[in-house]
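Please look over the notes below with the model open beside you.

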Amino acid sequence: MLDFLSMVFTIDFFYSIFRITAPILFATLGAVVVEKAGISNIGLEGIMMSSALFGSLTAYWSGAWYVGVLVALAVGIVLGFVMGFFAFNLKTDIILTGIAMNMVGSGGMLFLVRVITNLTEGRAMASTTSLITANLQIPAVHIPLLEDIPILGPILSGHSVLTYLAFILVFLTWVMLYKTSLGLNIRSVGENPNAASSVGISVIRIKYIAIAFSGAMAGLGGAFMSMYYAMGWSQDMVAGRGFIALAAQAMGAGEPLGSMLAAMVFGFAQAFGIKVSAIGVDSNLVSPIPYVVTILGLVVFALVARRRAKHQHSAAALEKLASKA
Amino acid sequence: MAEARAAAENSVEEYVVQMKGITKVYPNGIAANQDVDLFVKKGEIHALMGENGAGKSTLMKMLFGLEQPTSGEIIINGEKVNLTSPTVAISKGIGMVHQHFMLVPSLTVAENMVLGIVPKKSGIFIDYKKAVEITKEYSQRFNLHVEPDAKVMDIPVGMKQKVEILKALVRGAKILILDEPTAVLTTQETTELFKELIHLKEQGYTIIFISHKLNEIMEITDRLTILRGGKSMGVHNTRDVTKEEISRLMVGRDVVLSVQKDVAKPTDTVLKVRDMEYVNEWGKKMLDKVSFSVRKGEILGIAGVEGNGQKELVDMLFNLNTPNAGTATVNGENILGLPQRKIREKGVSLVPEDRMVFGIAGDGTIEENLISDRCGSKDLNRGPLFNMNAIHDSCKKLIEDYLILCKSGKQKVKMLSGGNIQKVVVAREFSNDPVLIIADQPTRGIDVGATEFIRKKLVELSRSGIAVLLISADLSEVMELSDSLIVMYGGKIAAYFEDTRELNDEIMGEYMLGLKRQPEEQVRRVCHE
Ligand SMILES: Nc1ncnc2c1ncn2[C@@H]1O[C@H](COP(=O)(O)OP(=O)(O)OP(=O)(O)O)[C@@H](O)[C@H]1O
Ligand SMILES: [Mg+2]
């Protein structure tokens, strides 16, 4: 048993948690902000897929990884706006819009990659894995002093630029939500749109900003997937991370920090699955682990939320009483 | 010529709001306002009155830019305006406190105050300290006490109301629209609000005030405009009209304002509550050995300042909460802890206090809401399917009987005016052959005509042998409508009055505020043992 533990919980296992968490975390932050505005964007998965493809293609064409990342970001934002246009202006159901986005992300991108590569490369390819070479991978950063600390150093240092960005964005998202007027507007639109519009806040504008933000985050997550996590785009490569992000958002009670921790729980579960199957455990036994963790996480979250709601309810009642007395 | 112009200018001076020939037809074809005139003088408190669905809120929504008139013009301070959005209305000095609160519950009072006009530091960050300062400053200037740092979800309704008023004032409103501000307030809170409104009036603010409570209108307003069925019934000086006249103008017939009922002849006990105790999560005793009985053929009222255990008591009886000790039976059978459907099967009906949350499903149609408690009954089903004709017929009858103002039973309930939503709830709860009706604030937010109707119905049902438990924050309502009455204070029954006819506000007040309490034996008589 002890043997098993020391085989699993190695330094590179902990290192991999961050690598695996990063794309989930990007999408999670998108989910956090968009949910705060009262919108359930289940299309994150599709946006990740789309921006992953365009990121890898443009990185290959331009020969620069950062061009790929910026394009992925831009594609995410544009797709966010597109979803917003359908959902807010044309009043389509937001869930159906999300499903459509996901179909675009899987089938649509496979179609596009074949068409595009047929034009540019002269043959229809089903993936871009052959195009992305090591020099197009998002570079890793070695953090001077941190690097030298034993155990902690190799776990925390040497990650990609985007990995660090993901964690920095947790803090920035929190600042945006709670310290800026944009965040205040987003929260009020999500909670009581009538209240927001009655004081002159443009509800639709705020919703557009929120969904574009979620698109941007999913875009970065997509770039991470095709240009760091895997080398190049291939079908179904995002593998449900956009949905896991929604679960993380819910488990973290919609707060940036809590959702980050939840995303790390999923990162841990996936890393565990990978590691355990690497040391020879049947992968059929291992592959459900992340999903079981998701379900358990949501159950725990629901229980906590119920307790909290009850608590709040009576707190409000008490407050009422105290003020009457 | 010069004279005419002078007169015109004079009227410009005099009227801050002129709404002329306003007609509003909603997209679904309902003409909520037809050729309505509303002229409001500077510095007056102007009442807007009318039955549920008469179009009061609609008229005010147009003045606040939330809806646009189909035709007609609006002139503010002598200037013709096109109020396309609340932002425009706010810039013209109009502020509105809505019938249903427009606050964000998870934000603090200060944050709600500055929503949309957030003070910033270094360009992007919220200057929360400044927000608190602004809140404090306005709160002091207008003598409206609020807690800047408290979350809105934690503050009492009275304070929410003040936040709403302050919100309008912070945005520079000189004309305040208050849509039924007192519907959710207790007597004390209302008194306080009125003081504040008079204070505002003295400072030159103009107030448009909507309320169904005639006493309030008589007490606080200078003039009043009456709407009936979307049309204006003219404007009057408040001191020149009587309550009866106002009611007649509103309803189009004479309204009996006092309750007519013969002496109750109660028989067997129906609801029997014994030694009910409840300690809330914070260790506060909300129900303390509460025991009483309600008998067939009587209306037992529960009076008391809100928050003294009435809400908890109702929650227990309908299994929305679990007591720590005690029993409750209906016709000898336990009802505590049963699923609501089982409680209903025993013949218990509930008109809940919060109609929007517990009374209706807003997106359902009127018909769906009317049958929601009986959709399994044989009469409404044919085999495994609904008998749509039977449903339609029975609902049609209820809509007629209960005077629900709607285009058809297929309309969504949330589209109805507040009072008509309440009528849907009442129609359902009164028509399912109950043995016991628990009526929690049954006439809140309802016009005089409908109030008269519901009160009459309650008396009629009780005289036909149904037990009625009536909870109401409206003191005159409990006193007039109940045959006998208990007062709750601090989770205990502080007094029992066998005959309400010998009561007055003062005696009641002493018990409600906890200054007096009857001896145990006297209170115990409400158990009828
Ligand atoms: N958004 C809407 N769409 C369609 N019809 C509406 C809408 N809002 C209100 N109505 C209808 O317009 C009429 C007037 O409603 P309004 O809310 O102005 O009444 P009210 O006088 O304020 O009544 P109450 O005293 O019950 O609040 C009602 O018949 C109502 O059903
Ligand atoms: Mg209204």
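1. The lining of the second largest cavity divides into 3 nonpolar, 4 polar and 1 charged residues. Here Ala, Val, Leu, Ile, Met, Phe, Trp, Tyr, Cys and Pro count as nonpolar, Asp, Glu, Lys and Arg as charged, and the others, Gly among them, as polar. The lining consists of B:T186, B:T187, B:Q188, B:G304, B:V305, B:E306, B:A473 and B:M512. The volume of this cavity is about 40 Å³.

2. On a 1 Å grid over the protein atoms alone, a cavity is a set of points where a 1.4 Å probe fits but cannot get out, and a pocket is an open set with protein on both sides within 12 Å along at least five of seven lines; lining residues have an atom within 4 Å of a point. Grid points are joined across faces, edges and corners, and a volume is the space filled by probe spheres set on the points.

3. This is a predicted model, in which local features need pLDDT of at least 70 and side-chain atom pairs count only at pLDDT 80 or more, while totals for chains, interfaces and linings use all residues. Residues are numbered from 1 along each chain as its sequence is written, chains are lettered from A and ligands numbered from 1 in the order in which they are written, and side-chain values use heavy atoms, with hydrogens and water left out.

4. The largest cavity has a volume of about 100 Å³. Among its 13 lining residues, A:S198, A:V199, B:F64, B:M96 and B:A168 lie nearest its centre. By class, the lining of the largest cavity has 7 nonpolar, 3 polar and 3 charged residues.

5. Where does ligand 1 sit? Ligand 1 sits in the second largest pocket, meaning that more than half of its atoms lie within 2 Å of the pocket's grid points. The volume of the second largest pocket is about 1,400 Å³. Of its 44 lining residues, B:Y26, B:K61, B:K414, B:M415 and B:L416 are the closest to its centre.

6. There are 20 residues around ligand 1 (a heavy atom within 4 Å).
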